[in-house]
Amino acid sequence: MSNFSVGFRSSGGVQVLDLQGELDAHTASELEAAIQKCQAEQRYRILINGENLQYISSAGLGVFMAYIEEVREEGGDIKIAALQPKVYNVFDLLGFPMLFDITESEEAALDKFEDGTE
Amino acid sequence: MSAELLTKLPSSDRWARIESRAGRVVLLLVAVVGYVVAAAYHAVVFLNSLPPALGLEIGYNVVVLASFAALWLLLSHVFRRRQPSPARTFWTTLLLGVLFVGVGWGLAFIGRPADLTVASAGFDYETGVPLTLATVVKMNLLGPLEVAFAFIILLRFRDLVLFKRTRTSERNWHLMLVLMSLAALFMFMKAPQAEWHWFDGLVMVPAVVFMVINSFRLSWIVYLSFREKMITIGLTLLLLAMLVVGMSVGGDSLLPGASTYLSYYSQPLNLFKTLALVFGILYCTTAFLSLLFHLPTTGDFQRKADEMAAMHSLTHLVSQVFDSERLLTTIAASPVDAGTANATWLAVPDVQSGSLRPRIVATHNIDPAQVQELVDTTAIYQELVSNGEPILLEQASADHRVTARPGEGLGSLLVLPLIARDEMLGALFAAREVAYGFEKDDVEAMTVFAAQAALALDNARLFEERVEKERLARELSIAREVQRKLLPQHLPALDGLSIAASSVAAQEVGGDYYDLYRLDDRRLSFIVADVSGKGTSAAFYMAEMQGIYKAVTPIAPSPCDFLIHANRALTGSLEKNVFISVLYGILDLEDESLTLARAGHCPAATINLNGEARFMRTKGLGLGLDTGEIFDRTLVAEKVRLEPGDVFVLYTDGVVESRSPDGEEYGYDRLLDTLREHRHEDADELHASLLEDLNRFIGRPQYSDDMTLLVLKWHGIDLAVASEQPETATEGHAPSPAVVDESPETSVP
């Protein structure tokens, strides 16, 4: 029934989460579980790749808000990359670009992680 | 062939049962007339002192047999099957026997010949003609009396033989009767004094075989109590004695010459009577012996029957209890009450700690603490979960999971899974004080009980779920009512402005909010808000937002001030993952302007009379995303001059994100298109047109998200009023953005 999935990938010390499908109130718990898993494994540099994310609801956006504070306290960050225009619009309407690093490509986000460590 | 015929009859008793009253009267007539005719015949023969003609004799025999056949049918109606009570059957038969012997004995002394041996009981040896009147009287009284008694014995024993009848037992019984009748008929017209031929004995063999077979139909014995058995033993013994001594073949000691009289009366009847009495003796003998042998096991059988009865009644009770607590207690108590176990306890999966760690919810005859101490319930439960079969520990103390030592009241342990609809609902632990305490049948009975108990538990659970569901539905409908009252009941009126608004929740309650408030004669504030998520939690924050709006808008009406206050007010009360997007605006008649600020919300759509449309997308974070500094810094409001015909549409994301059956989103462009098409309508009509178009697009009555729509249309101020108003721009432009930089630092009081 769930048309949402999270893929785990590692890229140079950054945990990349590939989101696929629709992130809404029903599927938000899956992303929560994914981020909790990263936390449990002490991986606080998290990159959300939204290339295949078709839709996000307000409940989906809430997941990022729920964890960003804890992750930043541990010296990490959640960065969001490669969102489709329609999905980016939802982030943008709420003002997420003012709170999160949202980049056009995964590489740009990885670079930002690099910059952050230096 | 007759056997085939009989087995074909569904209830072969039916042919012998005369139901109608008229039928019985006819039978009675046949019997009485036959009897009178027979008596007359004997009188005539006696008076003539000569053997009758062959034709007359045949006629006599036919009449007699018909008469007694009628008597049999009549008696079988009188003794038709009632609730078989063995003791009563033997008792009444014995009483009738005593009565019969008494009467017969009295009759035997009527005109008793001086010397019986000489004249062979008063009949001429050569011709068989009665020699005295007394003989005629006696043969006509004693003979039928004897046959009647034989009939009664058969009919009374029928109830016992056919106890718990099957097709076979019914067939055997009727075959016996038919074969007895056939053997009797073989004696037709045979002279009583004629020599017996070996062939005569042979015809009786089949009848005797079936008599023996029927003698072993004794299943009624099993169900008798000890006392009943003792009584019945006495009765069978007495009846047996009476039959053997009084009426056995040729035994004329109690009724002198009775058999002889009957043999002169009718040979077939005599043989039938003899066979019936022999069957009576056989049956009494087997019954007596069987009763004797069953005596010692009566106690065990009774105990088992009691256990089964107790289990059955408890099963019945269990299925009626819907109170979970009581049900668990009843289930735990049942095996002890039924005497199958000495102590029991019931374990169910603990929801908090997962299904593998059970919780003991009810105990009987044992302390919960004691259970913990003596048995590793968890380990046994886990084994039960993994294979689902009952566990029987014959020597409980030898098992590593049982810490009880011998003598601590835990000799053997039987653990049964309670499974309903493929789900294990719990486990029933039953302990006996002694090792090897559970027999095979105990395990079977307990297994059946466990299945019933599981069903009852399942029922109770479903029942509770239903009650809970109904309660929740009631609560939610109350919540919906409450939330409906949080939305404006009346829209305020302002000169030159028409307003229309609506809000629907996808579930019973939702997170959408809209409101309008008339600050004074010239100013109107309005708000549309959307709490992230759906349902109950969103509804609570919606209520909080309503409170903030009502409280803050009168004291800090300007859009940026309001939103900054609202954001601070919400800090600390919102969950981390919850935020509220808000559109808030002020319409001011004084300068005919509308100022709008957007806190993360979908931008308001606006259109002018010429159809120039756009979204008012100012910067601003959603409430609750940031506690202060960034929020305050980024927030910007937009102020537009109003022109007559200007329309402002505020909505929540449920509108633009609504999908058609194909999965296509309604979208921002379509909203503007529809707006353009209907821009000449006033707010009410425009609002209705937008919803209509939206519903047509969705194509089904179910909304997947909360949807709120607020339409404001500026018509311009009446000329009379307008003349007093300061000059306003009259260009036919779309409301052009006139961003007013409201610096938060300065605007917050």
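Helix H11 of chain B, spanning residues 267–294, contains Ser290(B); helices here are DSSP runs of H or I with at least four residues, numbered from the N terminus. This is a predicted model, in which local features need pLDDT of at least 70 and side-chain atom pairs count only at pLDDT 80 or more, while totals for chains, interfaces and linings use all residues. Residues are numbered from 1 along each chain as its sequence is written, chains are lettered from A in the order in which they are written, and side-chain values use heavy atoms, without hydrogens and water.

Ser290(B) counts as buried, with a relative accessibility of 14%; buried means under 20% relative accessible area and exposed over 50%, with a 1.4 Å probe and protein chains only. Beyond its neighbours within four places in sequence, Ser290(B) is in contact (heavy atoms within 4.5 Å) with Leu218(B) and Ile221(B). Its C-alpha atom is separated by 9.2 Å from that of Phe216(B), 74 residues apart along the chain.

**Trp198(B)**

Trp198(B) lies in helix H8 of chain B, residues 198–215, and is exposed at 61% relative accessible area.

**Interface of chains A and B**

Chain B contributes 24 residues to the contact and chain A 21 residues. In chain B, Lys576(B), Arg617(B) and Leu625(B) lose the most area to chain A, together 29% of what that side buries.

The rule finds four salt bridges across this interface, a salt bridge being a side-chain nitrogen of Lys or Arg within 4 Å of a carboxyl oxygen of Asp or Glu. Glu70(A) and Lys576(B) meet in a salt bridge through their side chains, at 3.4 Å from N to O.

Conventions: Helices (H or I, at least four residues) and strands (E, at least two) are DSSP runs, numbered from the N terminus. Buried area is the accessible area (1.4 Å probe) that two parts lose on being put together, summed over both.
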